[in-house]
Amino acid sequence: MKKTHIKPTQLLGRVDKKEAVHNDALNQDAANHDEVNYESPNQEAKLAIDEEGNIIDQVHQEHRGIQERRRNTEMGKPPEEGEKKEEGSNQNKDDIITTDFGELKRELEERVGFNISFDVVFREMVFGGQKTGIYYYNGFAKDTVLTEILMRLSEVVDTGESAQNDLSSSPIKHSVHGDEGQDTVQLFMDALVPHIQVKESNSLSEVIDTVATGATAFFFEGCSSALLVDAKTFPVRSTAEPDLERVVRGARDGFVETLLTNVTLVRRRIRDPRLKLEMHRVGRRTHTDICLAYIDDICDPTLIESIRDKVKQVEVDGLPLAEKQLEEAICGKGWNPYPMVRYSERPDVVSVHLLEGHVAVFVDTSPSVIILPTTFFHHVQHAEEYRQTPMVGTYLRWVRFIGIAASLFLLPLWFLLVTAPELKPAGLEFIGPQKQANIPLLLQFLIAEVGTDLMRMAAVHTPSPLATAMGLVAAILVGDVAVKTGLFVNEVILYLAVAAVGTFATPSYEMSLANRLTRLMLLVATAIFKVPGFIIASTVWLMYLSAKRSYNAPYMWPFIPFNGKALTEILLRRPFLTAKTRMSLTKTSDSTRNPKA
């Protein structure tokens, strides 16, 4: 095997004496430094780079200060006021990466269960004479990438001073300067670790948290910082079409449980550089990654800031149920059955909402993406309407609207006409029950509603080979036998089936469940108070939804408050090029959609 003759070495540069004396004179009023004695014009000093990428000449003074603060920390001395102001609470004694591997492993045993949890690995190897510890979780490590890195490092040999000038005198920008063994870490990062995502850290907590997300950490004995290599792999299923949002013609890809895959599916559709993806982390124990996606010059900055603040204020143990728990934490809707956000598992649907000025919230481990803000009418639209011609799309939309209205009002209205025959219009005598059952009509409806939900839940939990048998049992026993024995009348089964079909035709599953509860409320109110009960319950329902807001967006907009132009957009699936502006709900910064339309 060919050996690469590289040794961990300091990056050295030359500082001119006159320039150094001039810089020292400029800085003597800013801080109280010890004088530096330059004995020759060729005196060497380490180079460092500040946060803006500028080379710092007098890093020896900064390095001395860092070492002095480290010694004070180890001796238990409190930092001075200036140091407190400079460093704040960035790092404490427990957060320092120890330079001894024995102490480091004991720290990992205490904090992450090393030698207890079988998947926590700390592999010790020697590369180029440098003892290296590789820390990772066995299930997250990407074998192919790490094997390539180890093969590269295995070619490094210790050759003394022969590699003195192998590195450039202008090193790559780093986030850590002056720590113990920094030159070794810098050499490995700049020249020896062949990977595109490498980060340097001197915080043990940051290393532990990053490795818990799937990265691999490289520790070097005698060095107080580590390298974090983002070489990870997650168990993931294919990006298949979601079951709840199927279309006859259109894209077949859908979100999965891996956040990076999900944002990539959206990035593939929106290649605008102004598409921003902000990362946050929530959960004291789960450390769940959350991504806020929005188009910078379209979305309302106030909306972005509001959602960002809500996410940052979430302080919980964790979000094991991902997007649903986050929704309740940032929306706080309490016992309201209606969804204040829209969920989608389709990248094309999320992309459309981003172009409308909405914010999409991705939660790691969840295939559902939260869209904010949303209204009642966002939940009754489907991607299939936009995959057909405008005329067909409008027809499908109206059929869906009729089905949703039937799922809400058909049963209460039929019950009202049956119990108050004087209200029945002429020619509709056939709608009444032709026979009488042994159970009151209201109780029949309640039993049938509960039975329908029971069968729906049974269908979800029934294995696929048994689903057909379960359907036959439900149809024959519950439907036919229940009518023949006199428990139900035929009309109850018929109208309940129509209402159930309208429920299943609702695009939003959360909306369909909320409408089912509303139907039961209207049915009970009608049974007790007749016509006044139906009218008052319907009015209260409408007023309740009108008073709700989703991140300052009226929930019943554009019906209440009324906006004729936007309501036309909802009632009609208009041709694509006729839409000139975006909907005013999100108060977009750029409202122009098709300027040439």
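Let's start with E384. E384 sits in the loop between β16, residues 369-372, and α12, residues 390-419. Keep in mind that this is a predicted model.

Which side chain of opposite charge is nearest to E384? That is R387, and R387 is 6.9 Å away. E384 is buried, yet has no salt bridge. What does the side chain of E384 reach instead? The backbone nitrogen of V248, at 2.9 Å. Now the wider surroundings. Set aside the neighbours within four places in sequence, and E384 is in contact with V247, V248, R249 and L396.

Next, the sheet. β16 belongs to an open sheet of five strands. The order is β12-β13-β15-β16-β14, and the pairing is antiparallel. Which strands are at the edges? β12, residues 275-282, and β14, residues 342-344. Each of these two pairs on one side only. On average, neighbouring strands in this sheet are turned by 25° against each other, direction ignored.

Look at one pair in detail. β12 and β13, residues 288-295, run antiparallel and are joined by eight bridges. Take H280 as an example: the bridge partner of H280 is I290, in β13.

A helix packs on this sheet. The helix is α9, residues 301-312. What does α9 touch? β12, β13, β15 (359-363) and β16. The direction of α9 makes about 175° with that of β13.

Then the phi angles. K530 has a positive phi of about 60°, although K530 is not a glycine. K530 lies in helix α16, residues 509-547. Y551 is not a glycine either, and its phi is positive too, about 50°. Y551 is placed in the loop between β17, residues 549-550, and β18.

Buried or partly exposed: which is Y551? Y551 has a relative accessibility of 16%, so Y551 counts as buried, the cut-off being under 20%. K530 has a relative accessible area of 34%, so K530 is partly exposed.

Note on methods:
Residues are numbered from 1 along each chain as its sequence is written. This is a predicted model: local features need pLDDT of at least 70, side-chain atom pairs count only at pLDDT 80 or more; totals for chains, interfaces and linings use all residues. Side-chain values use heavy atoms; hydrogens and water are left out. Helices (H or I, at least four residues) and strands (E, at least two) are DSSP runs, numbered from the N terminus. Buried means under 20% relative accessible area, exposed over 50%, partly exposed in between (1.4 Å probe, protein chains only). Lys and Arg count as positive and Asp and Glu as negative; His and the chain ends are not counted. A salt bridge is a side-chain nitrogen of Lys or Arg within 4 Å of a carboxyl oxygen of Asp or Glu. A polar contact is a pair of N or O atoms within 3.5 Å; within protein, one must be able to donate a hydrogen and the other to accept it, and residues adjacent in sequence count only if both atoms are side-chain atoms. Contact means heavy atoms within 4.5 Å. Two strands pair if DSSP finds at least two bridges between them. Axes are lines fitted to C-alpha atoms, for helices over the stretch in contact, and angles run from 0 to 180 degrees between N-to-C directions.
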